[in-house]
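I wanted to know what surrounds each one.

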Amino acid sequence: MPRKTGHVLAKLWRADDLGGAELLRARFNDYAYDMHTHDKACFALITRGAIRIRMRGGEFVARAGDLYAIDAEEPHAGWPIDDEGWSLRTLYVDAGRLRAIAGEEAASPPALAGPIIRDRALISLYGGVHACSEAAGPALKRDERYAQFIARLLARHTRTPRRAAAAGREDRAVCRARDFLDHHLGEKVRLAEIAAAAGLPPFRLFRAFERATGMTPHGYQRQARIRFAAGLIRNGHPLGGVAVASGFADQAHLTRSFRRSLGVTPGTYGDAYRGRVSKR
């Protein structure tokens, strides 16, 4: 995967009326996403160009008119297939909130039957909701389209989550390793230290960790730092302090890492949570 940090034009906003969703409209040229995850389900309608996406199941191309849908915590990376780049409309939302809006009760959030959805009716509803939210269009129209989108999504494009197997020694070790990394964000840790905390030999832990999470321990550490930083930014902390608390060398390092994972700068992200629509 090429590592690029090229040109991005992005507009990000938060919509409490859509279940606390974050919405993004962006155009990417000569740019690549690092391998990363989201703590919410992610839907991205490609409106122009195409993007090559890497997930644990392999690689595929999403083109204009495709709706890309993945569950929370699913690692993925993306980069352009040509010089044209791509444009998209993205929505990040807690999948459990979708069931609640639809009036359904479930023990766990639905699992999305993506990653590519080619359902013209669903995509039309999604695009209408996204555009109406951006333009602050009629609230009732937005509510109705969102309800229709959710109903069709749950009825046609979800699957029963796989039943979790009983946790074995390696599973428990991976959980301990993740916990160790989450609590040592600002430290330069070594694989041997993580393995000691997890209770497995280093190389065995490395293989188990990558198999379970789809990311290496270093990749997970980078993602954990970005996620912690995002939480501080949402709560209004100044970016200089956020960088230090999250384990980044400085604010510039935070900005580069944040942008490579989320496609927007920390300032743009913070503006969305302060009620200001940012264009970067």
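**Entry one: a strand**

I began with a pairing: Tyr 33 has Gly 78 as its bridge partner in strand E7. I noted that the model is predicted. Tyr 33 lies in strand E3, residues 33-36, and two bridges join E3 to E7. The two strands run antiparallel.

I then looked up strand E4, residues 41-55. E4 and E7 pair over four bridges, also in the antiparallel sense. I picked out Ile 51, whose bridge partner in E7 is Pro 80.

Next I asked which residues lie on each face of E7. His 76, Gly 78 and Pro 80 are on one side, Ala 77 and Trp 79 on the other. Both faces are covered. Buried here means under 20% relative accessible area. Five of the five residues of E7 (76-80) are buried, so the strand is largely enclosed by the rest of the structure.

I moved on to helix H6, residues 202-213. Its 12 residues reach 16 Å from first C-alpha to last, close to the 16 Å expected at 1.5 Å a residue.

Which residues of H6 are buried? I found Leu 205, Ala 208, Phe 209 and Thr 213. Seen down the helix axis, these buried residues fall within an arc of 105°, so they line one face of H6. On the other side, Phe 203 and Arg 211 are exposed.

I also looked up what covers the buried residues of H6. The cover includes helices H4 (169-182), H5 (191-198) and H7 (217-234).

Last, I checked what follows the helix. Just after H6, Gly 214 has a positive phi of about 80°.

Methods:
Residues are numbered from 1 along each chain as its sequence is written. This is a predicted model: local features need pLDDT of at least 70, side-chain atom pairs count only at pLDDT 80 or more; totals for chains, interfaces and linings use all residues. Side-chain values use heavy atoms; hydrogens and water are left out. Buried means under 20% relative accessible area, exposed over 50%, partly exposed in between (1.4 Å probe, protein chains only). Two strands pair if DSSP finds at least two bridges between them. The expected span of a helix is 1.5 Å times one less than its number of residues. The arc is that of the directions from the helix axis to the C-beta atoms. Contact means heavy atoms within 4.5 Å.
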